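Dear colleague,

I am passing on the structure we spoke about, and below it you will find my notes on what came out of the analysis. Please have the sequence and the structure open while you read.

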Amino acid sequence: MKITYPPFGDARIAIESFLRDFGHEVIPPPPSTNRTLSIGVKYAPEFACLPLKITLGNYIEAIEKGADTILMLGGIGPCRFGYYAEVQRRILKDLGYDIDWIVLDLSNGWINLFKSIEKVTNRSNIIKVMKVLRLAWEKVLAIDEIEKISRRARPFERYKGEVDNIIRETHKRLDQANNILKVRQILSEYRETMDEIIDKNSLKDLVKIGIVGEFYVVLDHFTNFEIAKRLGELGVLAENAFYIEDIVRIYLPLFRSKDIDERTRVALPYIRRSVGGEGQRTIAHTIEFAERGFDGVIHLSPFTCMPEIVADGVLEKVSKDYNIQVLTLSIDEQTGLAGITTRIEAFIDMLKTKKRRRIAV
Ligand code: SF4
């Protein structure tokens, strides 16, 4: 079995480690590029959401490299995510690809879910399963921490690309780490290196932006045009509403924590029930950023994503009620870097001016 998976952001490091440690031959999809997107756009239905198109492109590129099995999550609910696996399976079949799917999906019943888990874990015993999961989880936490720290360091880079170079090296080491102690040591060294870059006294003077929206677009650097990096280079502290750990906790019931539901409660006056995806959470996170004194929020929304369209419909009211500026960027295959950059730069200029005025008063 040559297995591949849907990559998103830096989660690939943990997913690969997890699959490798269960003894699978992993064929990672090549990093997403415009070619990946064009392949997805060519074969996916026109109105499918962007993550479906990109991951379809990822699969086809991985199949070209020899993958014969795809690992994916499934499910039901108001959001289309639950249908991805089935839609993509049919598209690949119609294209003549003879691929096995392992879909982790409780809606097919416990027996089928159990069979899928057996395949993923290679029928390993419980001790091995726990050990592999523990290491993969430690990597998830480390990846998130690396990303969070990088947001504080980028505005103070001593030369362009400094933070990215350090991250690249750290990710390589993290990928090779085969025990928890090693992961912690790598993280601690990374913290020390970044401490030398971060000017702690100036952090409070930076314009602070919260990034909210649909999870794949928020976390996948290719899809969001490396927005965190661009904001950092503009001297902005950009914090995500969530990182990979939160998404695992949201979408895998085994890891779910009460904290997620508590955080969402604040959105109830605006959206009374879940609309799927991150729709309700987008509102909750915007309020959270406003209450934490952030200067603005950037809302990332894949074009045709219903949950984010619903959220967008009430964001203007939230923005007024909580006195926080919100910029919504709707992203699809037509979106270009130049357009995104212009809108972000104009938004940041406006926030910087407001902040200067506030300080001057
Ligand atoms: S949240 Fe939106 S973009 Fe994501 S899978 Fe659901 S409908 Fe598609």
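The shell around the ligand consists of 8 nonpolar, 1 polar and 2 charged residues; please bear in mind throughout that this is a predicted model. The residues that surround the ligand are Cys49, Pro51, Cys79, Arg80, Phe81, Tyr84, Glu214, Gly277, Pro302, Cys305 and Pro307. Domain 1 (2–124) and domain 3 (206–360) each supply at least three residues to this shell.

As to the domains themselves, the assignment divides the protein chain into domain 1 (2–124), domain 2 (133–199) and domain 3 (206–360). Between the C-alpha centres of domain 1 and domain 2 the distance is 27 Å, and the contact between these two domains involves 7 residues of domain 1 and 10 residues of domain 2.

I turn next to the sheets. Strand β1 (residues 2–4) is joined to β2 in the parallel sense over 2 bridges, and here Ile3 has Val26 in β2 as its bridge partner.

Strand β5 (residues 207–213) pairs with strand β7 (residues 296–302) in the parallel sense over 5 bridges, and Val212 stands opposite His299 in β7.

The last topic is the packing of helices. Two packed helices are described by the angle between their axes and the distance between the axes. For helix α6 (residues 126–153) and helix α8 (residues 180–195), the axes come within 10 Å and cross at roughly 5 degrees, which means that α6 is roughly parallel to α8. On the α6 side the contact includes Leu135, Ala142, Ile146 and Ile149, and on the α8 side it includes Ile180, Val183, Leu187 and Met194. By class, the residues of this contact of α6 with α8 comprise 10 nonpolar, 1 polar and 6 charged.

How does α6 pack with helix α7 (residues 162–176), and at what angle? Their axes lie 11 Å apart at an angle of about 170 degrees, so α6 is roughly antiparallel to α7. This contact is made by Lys139, Ala142, Ile143, Ile146, Ser150 and Ala153 of α6 together with Val163, Ile167, Thr170, His171, Leu174 and Asp175 of α7, and the residues in the contact of α6 with α7 are 7 nonpolar, 3 polar and 2 charged.

With kind regards

Technical notes. Residues are numbered from 1 along each chain as its sequence is written. This is a predicted model: local features need pLDDT of at least 70, side-chain atom pairs count only at pLDDT 80 or more; totals for chains, interfaces and linings use all residues. Side-chain values use heavy atoms; hydrogens and water are left out. Axes are lines fitted to C-alpha atoms, for helices over the stretch in contact, and angles run from 0 to 180 degrees between N-to-C directions. Helices (H or I, at least four residues) and strands (E, at least two) are DSSP runs, numbered from the N terminus. Angles under 35 degrees count as roughly parallel, over 145 as roughly antiparallel, 65 to 115 as roughly perpendicular and the rest as oblique. Contact means heavy atoms within 4.5 Å. Ala, Val, Leu, Ile, Met, Phe, Trp, Tyr, Cys and Pro count as nonpolar, Asp, Glu, Lys and Arg as charged, and the others, Gly among them, as polar. A residue is near a molecule or strand if one of its heavy atoms lies within 4 Å of it. Domain bounds come from an automatic or database domain assignment. Two strands pair if DSSP finds at least two bridges between them.
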